[in-house]
Amino acid sequence: MTTTTLKFRRLSKALGAEVLGVDLSEPPDDETYEALRSAWLEHQILLFREQHITLPQQIAFSRRFGELYISPKKQRTEFPEVGVFSNIKKNGKYIGQPPARTGDGWHSDLFYMEKPATGSLFRAEQAPAKGGETWFANMYAAYDALPESTKQRIDDLRATYSEVKSWNVIDPELIPLTEEEKRHYPDVTHPFVRTHPETSRKTLFVGMRGSQCSIVEGMSEDESVAFLDDLRAFATKPQFTYCHQWRPGDAMLWDNRCTMHKATIFDDSLGPRLCYRTTIAGDVPY
Ligand code: SIN
């Protein structure tokens with residue numbers, strides 16, 4: 001694989017590009033990697049089609065973009081680097097995180113950690129022809145479009161988020177976290193405006209599923225919820241978003257530092273959805 005075979009096609013006005021001419025079954029050489037990294041920084045999400053690869057191949061490709069995050073939660077594959085997202089059930093239990101857990105809540109991955117994720121590579125092995133889409137939103141564009149008064153208001157503002165409190169609020173059917181898991185998720189405080197460490201651009205950072213378990217500095221719980229709901233509603237207006245309907249073999253590499261995403265809850269009768277995510281570890285936002 002060489003860079004001469006690479007082509008990019010925009011996915012939407014808001015963000016994203018499809019990459020043509022890349023085979024994810026092997027890690028890219030230096031030249032290809034540099035071209036992909038700079039396209040990723042420019043387009044924020046990159047789509048690779050027809051990538052029918054194995055989990056070790058997905059891990060090896062993702063690792064080229066940085067160290068991978070390993071979740072303390074019990075993983076559903078033999079590879080601790082891989083998270084499973086699926087509506088498939090075995091013996092009455094989901095084999096991975098169902099869309100009900102991640103759906104309907106805009107977020108960026110690991111926003112509830114001190115060091116949220118840099119990026120994620122999400123690959124669909126099975127996907128229904130309709131339903132199970134993932135939405136993406138461009139947080140540079142959202143920040144740029146904010147009224148000047150809001151920019152000034154949020155410039156030094158921060159919110160504290162509790163993953164432990166939110167765990168069963170978002171999905172009451174989840175097995176409660178163990179004490180050991182809870183220790184892995186202390187409450188974290190992040191700025192609303194962060195500077196992308198590679199592009200130096202300012203971007204809105206409101207990657208929290210729901211608003212219930214976040215507290216904005218100087219606000220009551222109710223004020224926080226209303227404030228976050230408003231900010232997130234602004235950030236996810238149609239002009240900032242792209243909706244991706246997955247095909248088996250699609251792989252999307254997204255930049256969590258300048259985008260948000262959300263899954264879609266859908267009727268299981270539309271068909272099975274089986275996706276694998278590798279997550280690139282990140283830094284403390286500033
Ligand atoms: C995620 O939030 O990383 C999963 C997105 C999806 O299932 O579409």
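**Exercise 1. The ligand shell**

How do the residues of the shell around the ligand divide into nonpolar, polar and charged?

*Solution.* 

Step 1. Note the source: this is a predicted model.

Step 2. Find the shell. The ligand is surrounded by 11 residues. The closest are His 107, Thr 134, His 261, Arg 273 and Arg 277.

Step 3. Sort the shell by type. Four residues are nonpolar, four are polar and three are charged.

Step 4. Look for polar pairs, using the cut-off of 3.5 Å between N or O atoms. Thr 134 places a polar side-chain atom 2.6 Å from a ligand oxygen. For Arg 273, a side-chain N or O atom is 2.8 Å from an oxygen atom of the ligand. For His 261, the corresponding distance to a ligand oxygen is 3.1 Å.

Step 5. Check the cover. Taken alone, the ligand exposes 260 Å². The protein buries 100% of that area.

**Exercise 2. The nonpolar cores**

*Solution.* 

Step 1. Take the core as a whole. The largest nonpolar core has 36 residues. Those that touch the most other members are Met 139, Ile 154, Phe 192, Leu 204, Val 216 and Phe 227.

Step 2. Assign elements. Helix 4 (139-145), strand 9 (158-161) and helix 8 (221-235) each give two or more residues to this core. Helix 8 gives the most, with five.

Step 3. Trace Leu 204. Set aside its neighbours within four places in sequence. Leu 204 then contacts Met 139, Ala 142, Tyr 143, Leu 146, Ile 154, Phe 192 and Ala 235.

Step 4. Look for another core. A second, separate one has 25 residues, including Val 22, Ile 59, Phe 61 and Val 84.

**Exercise 3. A loop glutamine**

Is Gln 51 buried or exposed? Locate this residue and describe its surroundings.

*Solution.* 

Step 1. Locate the residue. Gln 51 sits in the loop between strand 3 (45-48) and helix 2 (55-63).

Step 2. Apply the cut-off. Buried means under 20% relative accessible area. Gln 51 has 5%, so Gln 51 is buried.

Step 3. List its contacts, leaving out neighbours within four places in sequence. They are Val 22, Asp 23, Leu 24, Arg 123, Gly 249 and Ala 251.

Step 4. A polar side-chain atom of Gln 51 lies 2.8 Å from the backbone nitrogen of Leu 24.

Step 5. Relate Gln 51 to Leu 204. The two are 153 residues apart in sequence. Their C-alpha atoms are 31 Å apart in space.

Technical notes. Residues numbered from 1 in each chain as written. Predicted model: local features only at pLDDT ≥ 70, side-chain atom pairs only at ≥ 80, totals over all residues. Heavy atoms only, no water. Near = heavy atom within 4 Å. Polar contact = N/O pair within 3.5 Å; in protein donor to acceptor, adjacent residues only side chain to side chain. Areas by Shrake-Rupley, 256 points an atom, 1.4 Å probe, with all protein chains shown as cover. Nonpolar A, V, L, I, M, F, W, Y, C, P; charged D, E, K, R; others polar. Core = buried A, V, L, I, M, F, W, Y, C linked by side-chain atoms within 4.5 Å. Buried < 20%, exposed > 50% of the residue type's maximum accessible area, 1.4 Å probe, protein only. Helix = DSSP H or I, 4+ residues; strand = E, 2+ residues; numbered from the N terminus. Contact = heavy atoms within 4.5 Å.
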